[in-house]
Amino acid sequence: MYVRNNLRWRLIFANSWRNLLAFALWSAVVCAVYGPLNLHSVAIPWQPVATLGIAVSFYIGFKNNGSYDRFLDARQIWGGIVNSSRTWAMQALEYITSRVDAPDVDAPAATATELTLRHRRLLYRHIAWCNALRIRLRQQPELWDTDVAPFLDPAESEVMRHRQNPATHLVREQGAELRRLREERGLLNDFQHVSMMRTLERLYDLQGGCERIKNTPFPRQYAFFSYVFVWLFVGLLPLGLIGEFSRLGPDHIWLTIPFSILVSWVFNTIEVVGHTSENPFENQMNDVPMTALCRTIEIDLREMLGETNLPPRLAPVDDILY
Amino acid sequence: MYVRNNLRWRLIFANSWRNLLAFALWSAVVCAVYGPLNLHSVAIPWQPVATLGIAVSFYIGFKNNGSYDRFLDARQIWGGIVNSSRTWAMQALEYITSRVDAPDVDAPAATATELTLRHRRLLYRHIAWCNALRIRLRQQPELWDTDVAPFLDPAESEVMRHRQNPATHLVREQGAELRRLREERGLLNDFQHVSMMRTLERLYDLQGGCERIKNTPFPRQYAFFSYVFVWLFVGLLPLGLIGEFSRLGPDHIWLTIPFSILVSWVFNTIEVVGHTSENPFENQMNDVPMTALCRTIEIDLREMLGETNLPPRLAPVDDILY
Amino acid sequence: MYVRNNLRWRLIFANSWRNLLAFALWSAVVCAVYGPLNLHSVAIPWQPVATLGIAVSFYIGFKNNGSYDRFLDARQIWGGIVNSSRTWAMQALEYITSRVDAPDVDAPAATATELTLRHRRLLYRHIAWCNALRIRLRQQPELWDTDVAPFLDPAESEVMRHRQNPATHLVREQGAELRRLREERGLLNDFQHVSMMRTLERLYDLQGGCERIKNTPFPRQYAFFSYVFVWLFVGLLPLGLIGEFSRLGPDHIWLTIPFSILVSWVFNTIEVVGHTSENPFENQMNDVPMTALCRTIEIDLREMLGETNLPPRLAPVDDILY
Amino acid sequence: MYVRNNLRWRLIFANSWRNLLAFALWSAVVCAVYGPLNLHSVAIPWQPVATLGIAVSFYIGFKNNGSYDRFLDARQIWGGIVNSSRTWAMQALEYITSRVDAPDVDAPAATATELTLRHRRLLYRHIAWCNALRIRLRQQPELWDTDVAPFLDPAESEVMRHRQNPATHLVREQGAELRRLREERGLLNDFQHVSMMRTLERLYDLQGGCERIKNTPFPRQYAFFSYVFVWLFVGLLPLGLIGEFSRLGPDHIWLTIPFSILVSWVFNTIEVVGHTSENPFENQMNDVPMTALCRTIEIDLREMLGETNLPPRLAPVDDILY
Amino acid sequence: MYVRNNLRWRLIFANSWRNLLAFALWSAVVCAVYGPLNLHSVAIPWQPVATLGIAVSFYIGFKNNGSYDRFLDARQIWGGIVNSSRTWAMQALEYITSRVDAPDVDAPAATATELTLRHRRLLYRHIAWCNALRIRLRQQPELWDTDVAPFLDPAESEVMRHRQNPATHLVREQGAELRRLREERGLLNDFQHVSMMRTLERLYDLQGGCERIKNTPFPRQYAFFSYVFVWLFVGLLPLGLIGEFSRLGPDHIWLTIPFSILVSWVFNTIEVVGHTSENPFENQMNDVPMTALCRTIEIDLREMLGETNLPPRLAPVDDILY
């Protein structure tokens, strides 16, 4: 996620100089053919080009709405992950106490040490889940060792990393742990058990939401033609402008070039801007800042566990928060 | 679902060459009448055509929004099916344990073998439900034997396939199985029973959402006129353009043909693009990839059961994921 | 609900010939005044008419969005009714069993016959509710005898039909029946009782949603002006076109007539199309197909009861499903 | 809420004659300066005015969307109040029975008389809540005596009317009554108690939704400029039209007046129409019909209590339902 | 939040005079170059500028929609906080009574004094949470002493203020208090315990929603280009107008200046208006009035506790409610 209020011109230029050059060359060619070569049939009337331009504007507007909604959806899902993480932690810490309150379970009260271990395992596995989901979305399996494994028992980590979808099985393992807490250890009563299972259900919904956005691109037929139409309009632009400019005087025709570049750049930028938020989980500049959010969760949960050696919040790198 | 980032031009051409030809012929006729035949009354002023074009753009934009929302809705419902499938599996596996915890039921603890069988039946019937829903939506009853029957007892499969709506009765059968587990076998307590019934309720909501989209087309009065208006605009287009082009010079009139084709193609494509996502359950190129999602569910659930001979994920065929 | 993919031209013509005639007459009058009578002051410049046309397009677009959303909302509510009907049936059939599991109730186990009767009563009353809601929305109280009464005890039917709002009292009667099952007969435990009451709560939400759409029309100030503006634009249209056409030559002015009819028809059709989905419960062509949905519910529920003499699904009449 | 299908022209005229006069005067002034006074510099080119007009159309369209959504939101909240009222009544009537089913409460079964009193109190206080909410939203504290007090004990009514926000405390009083029913009288068990508290929670959500709409106007910066821009456009309109009309002939310039009035009226009406639904709780023509909805609730609830002297439904006054 | 119905012109002028001056200077330069300096090549045709203007209008419209939705979202979240605060208070006051109803807890009934203290602590800590969330969103840690500390035990206040995110830990502390009430003091039964934990879960969702809006700005790529495009259009505007005006007569060219200023101001204002609601938690004029809402919550909750020395509602300062 880009965090600077205004984009740096350097960045804009770096992303668009190739297109600007193309616009310049094409309009220069048109001017040369019309002016020096005096081939006036290259000109087309402006009005139909304008109508096309407006229709294309609508279409890009529609596509940008869809793209922005994808980003927003993705960001809201990750917001939900933050919220549910805190809920999960609060439930684990305040439901699971030394007291054996499951009916019909005969077991000793939990010691402070046991409780700490059990709390820690439930919260650490949750952090592992967040990170596992993130690196799967960003297709970075190489980060497992640094970002997921430290929050799991080594054995569990090895089993999980070879699952088809580790995040799914981590949530299920939380469910298995709740079962053991309820049935074997007796530290959860039925109300609490069902209530925490509901939180896991919500985690599945959130995880599935991310996978839906990741696996279902913005429908290609919509997205692709937005790109095609813009280039088509940009191609017709100098042909339509040259006649209008030449009407203002013979030396005016060269003004077609800067003006053509400007208008082409605007339409192209609108298209590109929408394009950038289409896919919010690609480890790129316009991603949902999942790494930072995972870190926030880690800090919150470890602070709730009473830990004090907390990692720092992530800071943007080159104006970008990942 | 088309998965390639950019559509292949081959595909675009295959879908639009008939229309392109029609545009070409019609504008050629107009040019011939205006130029060689010198019948100038065929020309109409461009301005009103432009106004019509903009109004039509709005209208198609509105229709495309509606069509896209139908696709999105369908995809989100199937996302919900994936999520609820995992929840169902986690509940079945972690709630139903060897322990008899229903009150007032006198029964022996379940053996590992019995448990495996019971878990498997609940999860397999769920996979059968996903597939039964899919083949009903796509109207492919012939796939029952390969896609649904293997996940059911043969007798149950026979009964179900002759129901008016097999998916409805499969969910109800899950409810009946839960009842038996609670009342006869005692492996579910009341909390767990009600909680799993809630998951079945959610499955009914998801199934009903699919049936709603399938049975209620995009209102025909909206959709049909979008098509009519575009062709009407396309028909008027060369009549409006010819006067504008002829004003630039007599030899310019033939430029009407390529330009007319281009603009007609853009408007027509916008209309067609919307059209393609109107009906997301037709076993076509722009469908929600239900077969692939059913496979994902199958893999997840069977892996949760501890099975290892998992089927592979589905790959796109000719860039299309079904 | 109109079900044919393309509207029949016959139908379109039947609905619009009066307007087409009006457009034709008005533009003919304008042409006659301008041409033969040579009264050129009748012409107005096209540009401002175009601006007005675009503003009006926006406004109709906005209204159509609102109208379509009303239809969609209505359809989703009825989809919810289908889903909740299945849930209600599953809960009734699988929660209410021979076993007396209410605490502190001393009663004999239910016989198969008693159960069948009780299940049937709960499901039939539900079918009665769906139908009662439908005929109230469509203001067809005369259908009570054929569509509601057969699903109720005669005495209950008589009481209910004279209530101010029968559907409300039918749901409440279901609640009373649940109370008796829980408190007197002991066939529901508290979990199940509360859970089924929740389903009734949802039915109230769905019923209230229908009544909201029925009783609150699309705000008249928005809808009425859409109609006024279109006719205003249509009235100005030939006045604006005549000047543009006459500029192409004196004999061109008569072309104003067909062109004027066309553009008027497009704007008018856009307006009318929106208008048709404003009120989805009026027993008209563009209604939510409530009769068909009620039948679907009836089939599903009676099949769940094990009945085999099921009524057929409803088929469209003249391309329309009611 | 205006209920007639078409607005009466009388009403429209009454609301807009001042503006129409202003438009007429202003355009007459412009014509007089351009024509008789021959001061041609008053004319400005039409094209930029048109561009401004389109930009302004967009902006008003955006504002109207927001205004309409506010009305819709308000109406849906009140729909929710109707639904939750029925749910509340059903719960009160069917949960609170003669049977003492709260655990550990030793109390006698309730008599029919006691039950009637208790049911009545819960339902009447609910009606009081609806009315108290309504008169607070409409700032009509003088209606307390006629619309709220009759549904409360006199003492309770006096205490409540002096609370900062009576509706809030009425809901809380329902919560207190539930507590007494559960803890002291034993007529609610825990399932029922929590379930009814959930309904109260929902009432708080609905009440809060109304207060949000009431206390947070449509952002003034958005709304105010919509008004300013329209008047600005209306002011420029005859300046832009005069040139276009004069081009058609010297006597054409006076046509600027009627045409200017028409276009001004359309733009102004679009703006005003949006404005009217901005604030749906002001006791005006376009309000959500809260009085009628409160009456519907009163009828439903009192009929459920078995009362027969029900008040009539409210009818529109001068086409307006309050 | 600005509360006056119409913005004061003083305020508008104060915010825009710099821009107005810039527009005036730039168009004056253009006029001077075109007129006195007679350098006609500075003029460009209007039509393409108009097309650009329309495309830019669309784009700003899209951005304004997004910005407005952010404000609306923020306001709805804070509405939810008000609602949940009342629910929390009602639950605390009506669930926690003198009666010990937790199973298996052996403790004496609570005295009135103890109850008052316990109720007060739960409600005051909630007020502290609202205020802590607010001052964190507005980055005003200096307000802790006056706005948060008075509602907490001094010790708790000190611990909390040094947490990374005090609001998170305040909710968790409520959870810990509920645990003590259930397990140690026995004043909550399991139904009530889980139900209040659900309210805390909802508070986490609301808090997380605020943090999401605060931490994720409107995507910079969308917002920034809206600003750039408007200035680009404003820059081209006089170049395009000058030709149109000069066509009406040589002295007309100076009219370019006022007209240019006007149109520039409209486009610029539309852009700025959207900009202002992008970030609703910045302690600025267009903020969600969080201080006032926190005060409302404080009044409601303290009145529920029976306190009478309630603070006054907040009034707007210079038409602005904070």
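## Close-up views of a predicted all-chain model

**View 1. A salt bridge where chain A meets chain B.** In this predicted model, the side chains of A:Glu201 and B:Arg198 form a salt bridge, with N and O 3.5 Å apart. Here a salt bridge is a side-chain nitrogen of Lys or Arg within 4 Å of a carboxyl oxygen of Asp or Glu. Side chains of opposite charge can pair when their charged atoms come close. Between chain A and chain B the count comes to six salt bridges. The polar contacts across this interface number 20 residue pairs, both residues at pLDDT 80 or more; a polar contact is a pair of N or O atoms within 3.5 Å, where within protein one must be able to donate a hydrogen and the other to accept it, and residues adjacent in sequence count only if both atoms are side-chain atoms.

Before moving on, a word on conventions. Residues are numbered from 1 along each chain as its sequence is written, while chains are lettered from A and ligands numbered from 1 in the order in which they are written. Local features need pLDDT of at least 70, side-chain atom pairs count only at pLDDT 80 or more, and totals for chains, interfaces and linings use all residues, with side-chain values based on heavy atoms and with hydrogens and water left out.

**View 2. The side of chain A that touches chain B.** Four elements of chain A give two or more residues to this side: α2 (46–95), α6 (166–184), α7 (190–215) and α8 (220–247). Helices (H or I, at least four residues) and strands (E, at least two) are DSSP runs, numbered from the N terminus. With 16 residues, α7(A) provides the largest share. By class, this side of chain A has 30 nonpolar, 17 polar and 15 charged residues; Ala, Val, Leu, Ile, Met, Phe, Trp, Tyr, Cys and Pro count as nonpolar, Asp, Glu, Lys and Arg as charged, and the others, Gly among them, as polar. In total, 62 residues from chain A and 64 residues from chain B take part in the contact, which means heavy atoms within 4.5 Å. About 5,800 Å² is buried between the two chains, and carbon and sulfur atoms give 66% of that area. Buried area is the accessible area (1.4 Å probe) that two parts lose on being put together, summed over both.

View 3. Take a look at D:Glu94 and C:Arg172, whose salt bridge has its closest N and O atoms 2.9 Å apart. On the side of chain D that touches chain C, α2(D) gives the largest share, 21 residues. The residues of that side divide into 30 nonpolar, 21 polar and 13 charged. The contact takes 64 residues from chain D and 63 residues from chain C, and the buried area is about 5,800 Å², with 65% from carbon and sulfur atoms.

**View 4. Chain A on its own.** Chain A has 10 helices and zero strands. Its radius of gyration, taken over C-alpha atoms, is 28 Å, well over the 20 Å that the globule rule gives for 322 residues, so chain A is more spread out than a compact globule; the rule is 2.2 Å times the number of residues to the power 0.38. Along its principal axes the C-alpha trace of chain A spans about 100 × 35 × 30 Å.

**View 5. A salt bridge within chain A.** The side chains of A:Lys214 and A:Glu282 meet at 3.0 Å, N to O, in a salt bridge. This pair links distant parts of the chain, 68 residues apart: A:Lys214 lies in helix α7, and A:Glu282 in the loop between α9 (256–276) and α10 (290–304).
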